[in-house]
Amino acid sequence: MGMRLHNTLTRKVEAFAPMDGRTVRMYVCGPTVYDEPHIGHARSAYIFDVLRRYFQYKGFTVNFVRNVTDVDDKIIHKARETGESPEAVAKRCLARYHETMDRLGIGRPTREPLATGHIDEMINCISQLVVNGSAYETKTGDVYFAVRKFPGYGKLSNRSIDELQAGARVEPGEHPVHSEALGGAGKQDPLDFALWKAAKPDEPAWKSPWGKGRPGWHIECSAMSTKYLGDEFDIHGGGVDLVFPHHENEIAQAQAAGKKFARCWIHNGLLTVNGEKMSKSLGNFITVDKALEECENDPDHLKLFFLLSHYRSPVDYNPFALKTASGMMRRIDFFLLHAAETPTLSEQEIARNLLRDHKEQIDKEIQNFNKAMDSDLNTPMALAAIFEIIGYTNQVTISLPKAENQAALFRYSAERIKQLVQQVFGMSGNIKLGLEDKIKREVDVLVQKREGARRGGDYKKADQIRNELLSRGIVIEDTPRGPKLRKQQSIASDTTIEQP
Ligand SMILES: [Zn+2]
């Protein structure tokens, strides 16, 4: 089966194939760099990284362009707050964005154009729109896009001009419509949006045919996407909050200039924190660094948390959800660790010792993984297939009398899982140096907690911890010399874990 993706433009899940059959050309709206990266940024960046990775896993090449908005009101406001120049704010915050996404192991795009590096391209687009009558210049040196002149306006967000008219308002800082003071020289229609803003004192400004000023936000994406991906390209993505007005306006600008523009529009759902919108004023702003602290500084836990929801669904970030994800990630880590401890077998030995039923069962789950990802990137279902492999392998191995058969099944399953989590989900998937130490450390913390509970007479808590260890395949025995650990007998050997 081929891949199917939800297209916001048609509101349907449709078959997807790149226009040229080989290279997926994809543009995603990137960050406005004025603050510390938060988990909403991480979610969006990760979703499109997984999409790119899955295309590559399927054998496509991906030309992935993601812009950086480095001139914007928010950046200018921030600069006033901190006393830096807007350029300095943008530069510093972009460096933090890169550092953070690198730390998460989220791949950088093929190209990452800066808005300030493409002012000429934007001026060219705007000029074209003014010449063909789709945009107009005001006496104050602003240029607006005339929304009513573009017949398809509203098609992405599925709104009619009348609906939009009812909700239209004058944005703060814009010249009011038909303002008396300006002699009617401002915006001609409340629906129109700025392509070029006349310079204000102490703001970054560039020369243009309409005087000094700076571009509106929407035009940068139309100009940069078509510059790097062509007048028509495969995918345009971003957060669902960008559908209107940003993406609607991008379509209007590009198509009014005679470009076909993006064929498939992909939008990710938004993220809330403990059921509320994340905002500085609510005091629930979760930076990526903070989220990582909450999951043992292992980016894989955070990635698994994101994967547990479909990309189009809203996600709520809360301690319980993160803990669930951490527990599941540990299950994968433990499985790979167990597998690594089985005797090493060559490919031929695995093939010889893997029972046919087992191979078929694992391969079926791999197919389920692919099917899930093919159907609009259903990561929760794809994860379920991975956990099916783990559950099946653990369960079946116990009943296998021959160590070679056990090892072959473990190795085969582990190799498949590693490939999927590394290639498609961008997780480490390795028995990293120190992973064993990390697990030992976690186990040690649990053992100490249990000892504390036991000494304090809290036997209920002590039993809970015993069960938690048991769920990780570790049996704890109390001896006169203190607690002793051993692995539950599930694989060939019954190893005693050395305590740190
Ligand atoms: Zn954009």
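Against which helices do the buried residues of helix 3 pack? In this predicted model, the buried residues of helix 3 pack against helix 1 (39-57), helix 2 (73-82), helix 8 (288-293) and helix 9 (299-307). The setting of these contacts is described below, beginning with the chain as a whole.

The chain contains 500 residues, of which 39% are buried. Its secondary structure amounts to 16 helices and 15 strands, and the C-alpha trace spans about 90 × 55 × 35 Å along its principal axes. Of the contacts between residues at least 6 apart in sequence, 70% join residues at least 24 apart.

Helix 3 comprises residues 86-104, 19 residues in all. From its first C-alpha to its last it reaches 27 Å, close to the 27 Å expected at 1.5 Å a residue. Its buried residues are Pro86, Val89, Ala90, Cys93, Tyr97, Thr100, Met101 and Leu104. These residues lie on the same side of helix 3, because they cover an arc of only 100° around the axis. The face turned away from this buried side carries the exposed residues Ala95 and Asp102. Just after helix 3, Gly105 adopts a positive phi of about 75°.

Three domains divide the chain: domain 1 (3-277), domain 2 (333-424) and domain 3 (435-487). The centres of domain 1 and domain 2, taken over C-alpha atoms, are separated by 43 Å. Contact between these two domains involves 10 residues of domain 1 and seven residues of domain 2. On the side of domain 1 that touches domain 2, strand 1 (3-7) and helix 1 each supply at least two residues. Helix 1 provides the largest share of that side, with five residues. By residue class, the side of domain 1 that touches domain 2 consists of seven nonpolar residues, one polar residue and two charged residues.

The largest nonpolar core has 114 residues, among which Ile126, Phe145, Leu195 and Ile417 touch the most other members. This core lies between domain 1 (3-277) and domain 2 (333-424), because both domains give residues to it. The surroundings of Leu195 can be listed individually. When residues up to four places away in sequence are not counted, Leu195 touches Ile126, Leu129, Ala135, Val143, Tyr144, Phe145, Gly216 and Ile219.

Notes: Residues numbered from 1 in each chain as written. Predicted model: local features only at pLDDT ≥ 70, side-chain atom pairs only at ≥ 80, totals over all residues. Helix = DSSP H or I, 4+ residues; strand = E, 2+ residues; numbered from the N terminus. Expected span 1.5 Å × (residues − 1). Buried ≥ 20, exposed ≤ 12 C-beta atoms within 10 Å, placed from the backbone. Arc of directions from axis to C-beta. Domains from an automatic or database assignment. Nonpolar A, V, L, I, M, F, W, Y, C, P; charged D, E, K, R; others polar. Core = buried A, V, L, I, M, F, W, Y, C linked by C-beta atoms within 7 Å.
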